Amino acid sequence: MEAVDSRHNALGGDVPGIYTKEYEIRVKIVNVSNICVFRDSAERNDLYVKGTFKYRDLFGAQMVRGKRTDTHAFATDCASFKELWTFRVKAPAHYCCLEFVLMDQDNLSENDRVYNAKEVALEDVLHLAYHAELENRGPLGPLRKTVVFNKWKGMPERMPVGDKLKKCFPCLFAKPLAPWEMSARMTVEIDVLPRDTADEHPVLEGVYAPPEGRLDTRNMVLEPGRTLRVLIGQKQYARIRFAASCFLPSVCCIAFVLMLVLLIYYVAHIAA
C-alpha cells in the first residue's frame, strides 16, 4: 500500500500515519427516461447531461472536474447516451460526490436547465471499495443506480385546476400529469476499481456503445408517426390524432350515404 506521512494538525498534534490507495471511479451515463419538462415550445429537448465531480481528501486538498455527454437531439420522453466518465482519486476521502444536471442545448441562446441539479454521494462506495481491498475481498463490482430529478424551474406546487378538469374529458385532452409524476429518471452505473486493476483493464472515456432511439434518416423513414410526433410536439400530435379519429369516420359515413342516394336515384331513373 501507499503510505502517507503524518501531518501536523491545527491543534498542534500529529495526525497518525494513514494508508491511502488510489482508485478509479468509472461512471456510465446510460439513459434518461420519463422526461416531462421541456424548454422548447415543440415539447422536446436537445438533451445532454452536465456533470461536476467534487473531491476533497483528508488533508483538505480539493479537486473539481467538469464533464458532459454528447447531445441527444429531439429528445421527447427519453434520451440515450451510453457514455463513460472516469476519475482518479485516493481513499479514504473526506468528501466525494458527482453533481448531475440535465441541460437543453440551444444554438441561438444560452443553454437551459431542464431539471435542477442532483448530487450523488460517492464517498460511501469509495470507502467500501477501500475496506474491501484491505480485507482482500476484491472489487465490489458495478453499482446500478437511478438518479431522480424531481425539481425544476417553474414547478407548480399542485396540479392546476385546468388540468384537473381535463381529466374529466380524456377523449378531448391528453392525460395531465401531477408534478410528482413528472420526475425524470437517469440510470447510471458506478464502478470503483483499485488503480492496479484499472490499469490492467483500461477503458476509454466517451461513448462505450451506440445510443438507442436517436432520430436519424433511417428512423424517419421507418417510423413516420414517431417522426411527426417529435417534429410537431406531443400535444399537437394528440390533437391531430383526435381530429382524425373523430372526423374521418364522419366523412366516410357522409360519402357512403351520398353514394347510396346517387345509386338509388340512378336505379329509379333507369326503371322509369
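**View 1. The loop between β4 and β5 at N34.** N34 is found in the loop that lies between strands β4 and β5 of this predicted model. The phi angle of N34 is near 55°, a positive value in a residue other than glycine. With a relative accessibility of 27%, N34 counts as partly exposed, because values between 20% and 50% fall in that class.

**View 2. Strand β5 and its pairing with β9.** Strand β5 covers residues 45-57. Strand β9, made up of residues 93-104, pairs with β5 in the antiparallel sense, and eleven bridges connect the two. Within this pairing, T52 has E99 of β9 as its bridge partner.

**View 3. Strand β5 with β6 and the hairpin between them.** Strand β6 comprises residues 62-68 and is joined to β5 by seven bridges, the two strands running antiparallel. Here Y55 has M63 of β6 as its bridge partner. Four residues separate the strands of this hairpin, and G60 takes a positive phi near 95° in it.

**View 4. Strand β5 with β7.** Strand β7 is formed by residues 72-75 and pairs with β5 over two bridges, again in the antiparallel sense. In this pairing L47 stands opposite H72 of β7.

View 5. E24 has its place in strand β4, which spans residues 18-33. The relative accessibility of E24 is 9%, so this residue counts as buried, the limit being under 20%. The side chain of E24 makes polar contacts with two arginine side chains: that of R26 at 2.6 Å and that of R88 at 3.0 Å. Leaving aside residues up to four places away in sequence, E24 touches T86, F87 and R88, together with D191, V192, L193, A198 and V203.

**View 6. K82 in strand β8.** K82 is found in strand β8, which consists of residues 79-91. The phi angle of K82 is near 50°, a positive value in a residue that is not glycine. K82 is buried, since its relative accessible area is 17% and the limit for this class is under 20%.

View 7. P92 lies in the loop between β8 and β9.

Methods: Residues are numbered from 1 along each chain as its sequence is written. This is a predicted model: local features need pLDDT of at least 70, side-chain atom pairs count only at pLDDT 80 or more; totals for chains, interfaces and linings use all residues. Side-chain values use heavy atoms; hydrogens and water are left out. Two strands pair if DSSP finds at least two bridges between them. Buried means under 20% relative accessible area, exposed over 50%, partly exposed in between (1.4 Å probe, protein chains only). A polar contact is a pair of N or O atoms within 3.5 Å; within protein, one must be able to donate a hydrogen and the other to accept it, and residues adjacent in sequence count only if both atoms are side-chain atoms. Contact means heavy atoms within 4.5 Å.
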